[in-house]
Amino acid sequence: MTELNELDDLYQEIILDHYRHPRNQQAVEAPDMQAHALNPFCGDEVDLQARMEDGRICEVCFKGRGCSISQASASIMTELLKGKTPEEALELYSVFRRLMFGEDISEEELDGMGELGALAGVRKFPVRIKCALLGWNSLDDAIGEYAKANG
Ligand code: ZN
């Protein structure tokens, strides 16, 4: 993929590693939240499942297919979600969106994003931003449904 070749080498490596070896593929038994997201532009799909315990996300799984950016972003996301409250997860989503849309984020916010920072270069390629945000769209839906169902 040409876009990927233009990203920093280290960043490329992180993205390809998650793409080839996606994390958290083990289905969650009795998930408390789940959602499916589709990016018609390049046919990317992400199915997300999560289980809650004491108000925090304790188990996450995603299944997906599509381009390396969409799958790597979803994989990194699942790593970041464990132990977070839904509010904290949505906060991270909002920071990542700001990064994707070229807004400034603080050093502290960048630290909190971990390997997600490897996707920063994607913002140079507007059509790929949807790929990077796909997994997060499914998370947003999953949390929204969960919040509705749990008052
Ligand atoms: Zn894509």
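Me: In this predicted model, is C42 buried, exposed or partly exposed?
Reply: The model is a predicted one, and the relative accessible area computed for C42 is 30%. Buried would require under 20% and exposed over 50%, so with its 30% C42 is classed as partly exposed.

Me: Which cysteine sulfur is closest to that of C58, and how far away is it?
Reply: C58 has a relative accessible area of 29% and is therefore partly exposed. The sulfur closest to that of C58 belongs to C61, but their separation is too far for a bond, given that a disulfide needs sulfur atoms within 2.5 Å. The cysteine is C61, and the distance is 13 Å.

Me: How many disulfides does a search of the whole structure find?
Reply: A disulfide is a covalent bond between the sulfur atoms of two cysteines. For C58, the closest cysteine sulfur is too far for such a bond. The search, which covers the whole structure, gives a count of zero.

Me: In what order do the helices and strands of the chain follow one another?
Reply: The chain contains six helices and three strands. Read from the N terminus on, the order of these elements is α-α-β-β-β-α-α-α-α.

Me: What percentage of the residues of the chain count as buried?
Reply: The accessible surface of the chain comes to about 7800 Å², and carbon and sulfur atoms account for 47% of that area. Counted by residue, with under 20% relative accessible area as the limit, the buried part of the 151 residues is 46%.

Me: Is Q71 buried or exposed, and which residue is 61 residues from Q71 in sequence and 8.1 Å away in space?
Reply: Q71 sits in helix α3, which covers residues 68–81, and with 5% relative accessibility Q71 counts as buried. Leaving aside residues up to four places away in sequence, Q71 touches Y19, E45, V46, F62, G64, R65 and G66. The residue 61 positions from Q71 in sequence, with a C-alpha to C-alpha separation of 8.1 Å, is A132.

Me: What phi does N24 have?
Reply: N24 is located in the loop between α2 and β1, and N24 is buried, with a relative accessible area of 16%. Although N24 is not a glycine, its phi is positive, at about 55°.

Me: Is A30 buried or exposed, and how far is the C-alpha atom of A30 from that of R51?
Reply: A30 is placed in the loop between α2 (9–20) and β1 (33–39), where A30, although not a glycine, has a positive phi of about 50°. Its relative accessibility is 64%, so A30 counts as exposed. A30 and R51 are 21 residues apart along the chain, and the separation of their C-alpha atoms is 7.3 Å.

Technical notes. Residues are numbered from 1 along each chain as its sequence is written. This is a predicted model: local features need pLDDT of at least 70, side-chain atom pairs count only at pLDDT 80 or more; totals for chains, interfaces and linings use all residues. Side-chain values use heavy atoms; hydrogens and water are left out. Helices (H or I, at least four residues) and strands (E, at least two) are DSSP runs, numbered from the N terminus. Buried means under 20% relative accessible area, exposed over 50%, partly exposed in between (1.4 Å probe, protein chains only). Accessible areas come from the Shrake-Rupley method with a 1.4 Å probe; for residues, only the protein chains shown count as cover. Contact means heavy atoms within 4.5 Å.
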